[in-house]
Amino acid sequence: MSNYTGHGSYEGEITINGYDYYVDFKYKVHGYYDPGCAYLRNGDPGYPPDEEILDVEVEWESCEPAEEDAPAVSNADVDEAVEAKAWELAEDGAFECDER
C-alpha cells in the first residue's frame, strides 16, 4: 500500500442554489493505492487492487454568474459547491499524481 498526492484544476460551470456560475479552482488530492496481488506466496488466491481518496483540498480563484438573473452567492456556498465538484473530479481520476 502506498500513499499518493495529486493535483488538478477546473474551469467551468457549477450549480449553486439552482443557478449556474463559472468557477475556476485548483485542488489537491490525498489518497492511498494498493495494487493488489494475484496469488499469495503459499499459492492461495490474492486480493484485488484497492484505492481510496482520503482528502481533497480546494482553493478557488473566481466565481462569476453564468446567468443574468443569478444572485450573488456567499463564499460559504461557493466553498461547498466547489468542494463537492473537486471530490467528484478526484473520484473520476481527473488529476495528475505528484508522488506515489
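## A briefing on strands, core and ring pairs

Y4 has G31 as its bridge partner in strand 2. You are looking at a predicted model, in which local features need pLDDT of at least 70 and side-chain atom pairs count only at pLDDT 80 or more, while totals for chains, interfaces and linings use all residues. Residues are numbered from 1 along each chain as its sequence is written, and side-chain values use heavy atoms, with hydrogens and water left out.

**Confidence**

- The mean pLDDT of the protein is 94, and 97% of its residues reach 70 or more; pLDDT is the predictor's confidence in each residue, on a scale from 0 to 100.

**How the strands pair**

- Strand 1 and strand 2 run antiparallel and are joined by 15 bridges; two strands count as paired if DSSP finds at least two bridges between them.
- Within strand 2, V23 is the residue that stands opposite G12.
- Strand 2 also runs antiparallel to strand 5, with 14 bridges joining the two.

**The hairpin turn**

- Strands 1 and 2 form a hairpin with two residues between them.
- N17 lies in the loop between these strands, and its phi is near 50°, a positive value in a residue other than glycine.
- For background, most residues other than glycine have a negative phi.
- N17 is exposed, with a relative accessible area of 57%; exposed means over 50% relative accessible area, buried under 20% and partly exposed in between (1.4 Å probe, protein chains only).

**The nonpolar core**

- The largest nonpolar core has 20 residues, and I14, I16, V23, F25, Y27 and V29 have the most contacts inside it. Such a core is a set of buried Ala, Val, Leu, Ile, Met, Phe, Trp, Tyr and Cys residues joined through side-chain atoms within 4.5 Å.
- Two or more residues come from each of strand 1 (2–16), strand 2 (19–34), strand 5 (50–65) and helix 1 (75–91).
- Helix 1 gives the most to this core, with six residues.
- Y27 has contacts beyond its neighbours within four places in sequence, among them V56, V58, A86, L89 and F95; a contact means heavy atoms within 4.5 Å.

**Aromatic pairs**

- The whole structure has three aromatic pairs. Rings of Phe, Tyr and Trp (its six-membered ring) pair if their centres lie within 6.5 Å, and planes under 30 degrees apart count as stacked, over 60 as edge-to-face and the rest as tilted.
- One of these pairs is Y4 with F95, which is stacked at 6.0 Å centre to centre with 10° between the planes.
- Y4 lies in strand 1 and F95 in the loop between helix 1 and strand 6, so this pair ties together parts that are 91 residues apart in sequence.
- Y4 is buried, with a relative accessible area of 2%, and F95 is buried too, at 17%.
- F25 and Y27 form a tilted pair, 6.0 Å centre to centre with 50° between the planes, and both residues are buried.
- Ring pairs link Y10, F25 and Y27 into a cluster.

- E11 is found in strand 1 and is exposed, with a relative accessible area of 68%.
- Not counting residues up to four places away in sequence, E11 touches V23 and D24.
- The C-alpha atoms of E11 and S62 are separated by 9.4 Å, although these residues are 51 residues apart along the chain.

**Cysteines**

- The structure holds zero disulfides, where a disulfide is taken as a pair of cysteine sulfur atoms within 2.5 Å.
- C37 is partly exposed, with a relative accessible area of 26%.
- C97 is partly exposed as well, with a relative accessible area of 36%.

Note on methods
Helices (H or I, at least four residues) and strands (E, at least two) are DSSP runs, numbered from the N terminus.
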